[in-house]
Amino acid sequence: MGSVGTVIFHAPPVREVWPRQIGLVPGQADCFQHREAADLLDQAVAEGGTAVVCQLLSGMGGVGKTQLAAHYARTAWEAGEVDLLMWINATSREAITAAYARAGTQVADADPSDPEEAVRRLLTWLQTTERRWLVVLDDLGDPGALQGLWPPARRHGRALVTTRRRDAALSGPGRRRIDIGLFSAGESVDYLTAKLASAQRDDEPQIAALAEDLGYLPLALAQAVTYLIDLGLSCAEYRTRLADRTRELASVVPERGNLPDDHHDIIAATWSLSIERANALRPQGLARPVLELASVLDPNGIPTEVLTAPPVLDRLAITRRAMILKRGDRKKVPRVVTEQEAADALRCLHRLSLVDFVPGARHETVRVHHLVQRATREAHMQDAEDGAGGRELGGLLVRIDAETAAEAVEYVWPVEERDDTLMAALQANAKAVAEHMPVTAVVGIDGSHYRLGLRLGEAGHAAEARHHFERLLAGLSVGAKRTERGKGIEQLFVRHNIAWWQMEAGDPAGAATAFERLLADKEDVLGAHPSTFATRYGLARAQGESGDPAAAVAAFEALLADCLDAYTYRTRSFSLRRTVRFAQRAADRQMAVRIEALSGATDRSPGALPKWEPPAPSARYGLAWWRGMAGEPVRAACELEELLAEQGDLLAAFDPLRLATRHAFAYWKAEAGDPGRAIPLLTELLADQTSILGPEHPQTLTTRHTLARWKGAVGDRARAVVLLTELLADQTRILGSEHPQTLVTCHTLARGQSRSAGEDV
């Protein structure tokens, strides 16, 4: 046999190719907007003598963190600033280690059959190499996933992490967190203008309005504009679809196959994983229901006290118990949720960038993007439908959320001491929760929702209060046809409030018509009842404000006579809070109980008692006022002075009726020719109203107008103009430019300015 020779082939050495890129950097989004955060990334900074080698872009889903990171990475690569660029999907520890292992085989000659060793080889290489490197870890889902895997701190290396998390575990030497927020209004308009330039022209106001409707969220802007271009819609047409609450968010964005800029999820699903992760954090199972409650409140600021109030804690306890039992867990189920646990749930939501919550501030508030709120509500309803509960159950769940939130707002509402910042926040949340009260078939009125309507009205939001009660009436009307022509007791009470706030909003003629119809039904159902008298009061006042003071005087005289005939009290107010005392005398005990429920005057915990009612109608007060309006100011002042003396025995100094009577007395005292006495009375009253009712209460604003007017009348016109100018700005902000009180002040100011200029007015 011949010898067997061995032929050895020598492959040429593999030439190392630098610079090197590992992983695919996302492409730049169409019409990419340069932002201030990008400038922060470009800064080479040092903090406390420690170089910042790792920067973290943190923010809610959809704000554009990945796009900013990709722009930074591309810029560094194209400028030749790095020899190695690694882009890693960091959604899990497994994804990170797999990417590290692949990179280890490419740059550190690691054995691909031993992934763990490859990871170690890569980290060692990053620690010791003189080459310049940039590692981008995109969409870090859990800070724990990077334990032992953080890129080493080296002067030649830089790391960039994008995450929705804001955990303390992300901090450390050499790391800096940059919070990424929404687009600015200008950036949003620039983006939409650029995107729409090639497709169609929209006027700038509509583009700006669309940006505001979408809350300046980059993800929402991109998906919305793609949708409207595909369908050939204008911004105005798209805004109409977006505002339609019968449409889900998923129906006003492109389908998954048509998403722009390599988006993975439609906007409605963007935050679902974050919610799941927050709900899994301790205290487990509470973050989601807290977010569901926050989704029916004001996105711009929910007082922390509202989301940790007893009604919320009770609801969370029920939800947690149901969740544990559903899992089949037979261990002892905690029966209560503490205030601290609710606050911890808010912190979990904050850690996942679903809400903004900074504990320890003087006015702690929780902020939620309104699209996150909408997506949360829709997901809640969808869960009910998927569970075979149907859409009706989904609507019921949102109603329960709204009722719980309303109870919490009502619970927190101050009794006497009034913090202006808190009051403004509570009023905004009352308006928000009223809007989320579904119009569904109901058996009776939820007391908290009823009282919130009163709160809105007394805070000067008459139009919103009327709308609130109209929604309550609609809910009663679509219920079981158990009453004839809207004559159920709840319906009568709600109809009274609709007419009352219609009058307060500046439509006394329409209110008079509504009161007339309501009065006929109340007399038919209730007879000579205090609630009937309250409607007679409203009708008399509406007649006077419609331009017929003589009719108002006659109506008040008849009302006063009937009141004195029916009851022995010298003076009586007819607010809902006080009708219980009359109702208990009624022959129909069931009616008394129902009125108690409506008035909110049944025994409850101190914090849940009704705190502030609208100015209570009083027959004697109304009669005296309209006597003055009918041309008898002296008699009006005398009657009001007598009434004030009697009220001192019956009403507390802070009672809104007594405060209103003090204003009326000073007003007619001045009209009767004695402004010298009236001005000190008004000055003292204004101080009391500011302290008791608050500086933005309608009664306080009215007294400011009266005081300024009479200061001008007695010769201090310059001071009067200053006071009226300040008042007009406040009324425009609080009540609106078309509110009757605002218009009266505008007219008075114009006359005062003309007279100050020496014109003959």
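I began with Cys 638, which counts as partly exposed because its relative accessibility is 42%; I take buried as under 20% relative accessible area, exposed as over 50% and partly exposed as in between, with a 1.4 Å probe and protein chains only. Cys 348, by contrast, counts as buried because its relative accessibility is 2%. I then searched the whole structure for disulfides and found zero, a disulfide being a pair of cysteine sulfur atoms within 2.5 Å.

Before going on, I noted that this is a predicted model, in which local features need pLDDT of at least 70 and side-chain atom pairs count only at pLDDT 80 or more, while totals for chains, interfaces and linings use all residues. Residues are numbered from 1 along each chain as its sequence is written, and side-chain values use heavy atoms, with hydrogens and water left out.

Next I looked at the chain as a whole. I counted 31 helices and eleven strands in the protein chain, where helices (H or I, at least four residues) and strands (E, at least two) are DSSP runs numbered from the N terminus. Of its 761 residues, 52% count as buried.

I turned to helix H13, residues 339-351. Its 13 residues should span 18 Å at 1.5 Å a residue, and I found its end C-alpha atoms 19 Å apart, which agrees; the expected span is 1.5 Å times one less than the number of residues. Among its buried residues are Ala 342, Leu 346, Cys 348 and His 350. The buried residues of H13 pack against several elements, including helix H12 (310-326) and strand S11 (365-367), with contact meaning heavy atoms within 4.5 Å. Just after H13, I noted that Ser 353 takes a positive phi of about 60°.

Which residues have the most contacts inside the largest nonpolar core? They are Tyr 238 and Trp 271, in a core of 146 residues; such a core is a set of buried Ala, Val, Leu, Ile, Met, Phe, Trp, Tyr and Cys residues joined through side-chain atoms within 4.5 Å. Not counting residues up to four places away in sequence, Trp 271 touches Met 60, Arg 164 and Leu 354, among others. A second, separate core has 33 residues, including Ala 108 and Leu 170.

Last I looked up His 705, which lies in helix H29 (residues 698-713) and counts as buried because its relative accessibility is 12%. Leaving aside neighbours within four places in sequence, His 705 is in contact with Leu 724, Leu 727, Val 744, Thr 745 and Thr 748.
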